[in-house]
Amino acid sequence: MAPPRGGYAPDLDKFLDTLKSRPVDASVEFLISLLKRRQIRGSESCAIATAHVLLQVVARDKWMDVDQLLGRIQLVGRKLVAAQPRELAIGNIVKRILGLIRDEASEDRNDTGNDSFSEASHAPAPAPAPAPISVPALAIGASPLGKPTRPSPLAAFGPFARTQSLFNLLSDPDFIPSPGSTPVLGSGASSPRGHALFTNVHALRSEVIDGIEEIMDEIRQVDEQVQAYADIIVNPGDYILVHQPSRTVQKFLTRAASKRKFTVFLVVNPSTLSSADDPYASFRKSLSSGGSAVINIMNTGLMAYMSKVNKVILGARAISSKGGVIVDAGAAAIARAAREQGRTVVVLGGVYKLSSDSQFHQEGLIEWGDPSKYVNFADGTMVEQVRVRNAIAEFIPAELVNTYITNLGAHSKDHLHTIVADHYKEEDVNFDLFGKMPR
């Protein structure tokens with residue numbers, strides 16, 4: 001793959017623009033490189049990119065049956081997960097598409113079986129065989145002159161003999177096909193079975209493509225569907241604490257602020273407050289225009305405000321089937337503080353973030369970033385003597401979360417396994433996407 005030209009910074013939009021102009025394998029490798037370099041990051045972007053590239057695999061790859069397609073999706077899925085294993089949304093989308101293929105293939109088999117049964121039940125009854133005509137003087141094997149002759153195979157068996165092997169007819173002049181033998185058909189493409197196979201593959205391809213597009217629509221509509229529950233969660237006069245709110249959390253609170261007034265304690269990264277570009281400026285403006293107040297606080301003064309807080313609302317990067325949540329670094333301390341004060345912790349996230357993996361390796365999921373925002377590398381003594389680690393994501397145990405709100409509604413941790421069972425096939429839940437990669 002040619003390196004990007006100067007001034008060209010690939011991202012999700014540029015990746016999607018190049019999909020149709022690239023071969024499938026080149027698109028897969030391009031996405032792998034973007035994931036490794038973190039030029040595509042975040043649950044939503046990774047999920048959309050994964051769905052798009054797997055859509056190209058289904059639509060443009062050559063496969064003749066379901067097993068070939070499943071194997072191809074599994075291979076590509078393992079490569080994408082290996083490129084960025086901390087983005088659990090990638091594996092979630094791969095497993096959902098595998099389940100989609102199994103469902104559509106099962107429906108196609110049932111439809112084919114029903115069609116075959118219907119055709120057999122409505123087929124006309126075979127006509128009765130004509131009574132044999134007695135011709136003593138011209139019996140088969142005898143000539144008018146009484147000299148025995150061997151009948152021609154084509155004359156004896158009519159059009160049936162045309163389907164027999166020409167090799168048998170030429171190699172053995174005494175070979176006479178039996179009427180009960182199976183005719184040798186032509187090429188599979190022209191046979192009824194070959195035509196049915198082609199029709200089934202074409203129908204399955206179309207159904208799977210439609211299903212993947214529905215998954216992508218679901219991902220795009222998560223924010224609108226989640227914010228519909230804002231009026232139930234947020235009450236007038238509430239004190240809501242949020243930590244580095246994601247777009248989902250911002251839209252959730254903006255929707256609530258359009259109908260009621262409340263106060264938001266906004267916990268942000270200290271480096272964000274010192275930067276010129278405020279990522280939450282529009283969020284503050286939206287809440288203030290509705291009459292709600294926004295107060296910035298630091299992590300160090302968190303406990304002083306927790307006694308006034310009614311609810312803590314956090315955005316999830318990923319959610320396990322047992323209720324554990326991957327969040328931005330710093331949110332775990334807030335959840336523990338809320339638990340000590342008896343406050344409600346609410347987690348927002350789409351169903352596509354709900355992972356079928358029941359056991360998270362917490363240490364492996366913690367993502368570490370660049371510590372230069374907190375340590376000045378000009379201080380040589382500090383850099384040489386101290387190892388500084390800056391966590392980007394961390395894990396919240398299920399016992400610290402009270403309610404999960406997805407695009408399907410509000411859930412407790414005991415109900416999450418039901419959602420997993422509805423969206424993932426049992427064959428794929430335990431599928432090891434971290435298996436040994438082929439070289």
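Lys251 is partly exposed, because its relative accessible area is 29%. Partly exposed here is the range between buried, which means under 20% relative accessible area, and exposed, which means over 50%, with a 1.4 Å probe and protein chains only. The areas themselves come from the Shrake-Rupley method with a 1.4 Å probe, and for residues only the protein chains shown count as cover.

Before I go on, this is a predicted model: local features need pLDDT of at least 70, side-chain atom pairs count only at pLDDT 80 or more, and totals for chains, interfaces and linings use all residues. Residues are numbered from 1 along each chain as its sequence is written, and side-chain values use heavy atoms, with hydrogens and water left out.

Back to the lysine. Which residue does Lys251 meet in a salt bridge? The partner is Glu224, at 3.5 Å from N to O. A salt bridge is a side-chain nitrogen of Lys or Arg within 4 Å of a carboxyl oxygen of Asp or Glu. This pair links distant parts of the chain, with Lys251 in helix H11 (residues 247-257) and Glu224 in helix H9 (residues 222-226), 27 residues apart. When I say helix or strand, I mean a DSSP run, H or I of at least four residues for helices, E of at least two for strands, numbered from the N terminus. Glu224 also counts as partly exposed, with a relative accessible area of 40%.

Next is the bridge between Asp231 and Lys259, at 3.2 Å from N to O. Asp231 sits in helix H10 (residues 230-233) and Lys259 in the loop between H11 and strand E2 (263-267), so the bridge ties together parts that are 28 residues apart in sequence. Lys259 is exposed, at 56% relative accessible area.

By the salt-bridge rule, the count comes to 13. Another one of them joins Arg72 and Asp61, whose closest N and O atoms are 2.4 Å apart. Arg72 belongs to helix H4 (residues 66-83), and Asp61 to the loop between helix H3 (43-60) and H4, so this pair ties together parts that are 11 residues apart in sequence. Are Arg72 and Asp61 buried or exposed? Both are buried. Shared partners join Asp25, Asp61 and Arg72 into one network of salt bridges.

Now the aromatic rings. The structure holds 3 aromatic pairs. Rings of Phe, Tyr and Trp (its six-membered ring) pair if their centres lie within 6.5 Å; planes under 30 degrees apart count as stacked, over 60 as edge-to-face and the rest as tilted. Phe15 and Phe30 have ring centres 5.9 Å apart and planes at 50°, so the pair is tilted. Phe15 is in helix H1 (residues 12-17) and Phe30 in helix H2 (residues 24-36), so the contact ties together parts that are 15 residues apart in sequence. Phe15 and Phe30 are both buried. Elsewhere, Tyr239, Phe265 and Tyr305 make up one aromatic cluster.

Patches are made of residues with over 30% relative accessible area and no salt bridge; like charges are joined within 9 Å, and nonpolar side chains (Val, Leu, Ile, Met, Phe, Trp, Tyr) within 5 Å. Lys and Arg count as positive and Asp and Glu as negative, while His and the chain ends are not counted. The place of a charge is NZ of Lys, CZ of Arg, CG of Asp or CD of Glu.

Glu107, Glu207, Asp210, Glu213 and Glu214 form a negative patch. Which helix gives the largest share of the negative patch? Helix H8 (residues 192-220) does, with 4 residues. Glu207 is found in H8, and at 36% relative accessible area Glu207 is partly exposed.

There is also a nonpolar patch of Met382, Val386 and Val388, with about 200 Å² of accessible area together. Met382 is found in helix H17 (residues 380-385) and counts as partly exposed at 35% relative accessibility.

Last, some backbone details. Ile326 has its place in strand E6 (residues 325-328) and is buried, with a relative accessible area of 5%. The C-alpha atoms of Ile326 and Ala316 are separated by 6.0 Å, and the two residues are 10 apart along the chain. In helix H15 (residues 331-341), the buried residues are Ala331, Ala332, Ile334, Ala335, Ala337 and Ala338. Just after H15 comes Gly342, with a positive phi of about 75°.

Arg38 has a positive phi too, near 60°, in a residue other than glycine. Arg38 is in the loop between H2 and H3 and counts as buried at 16% relative accessibility.
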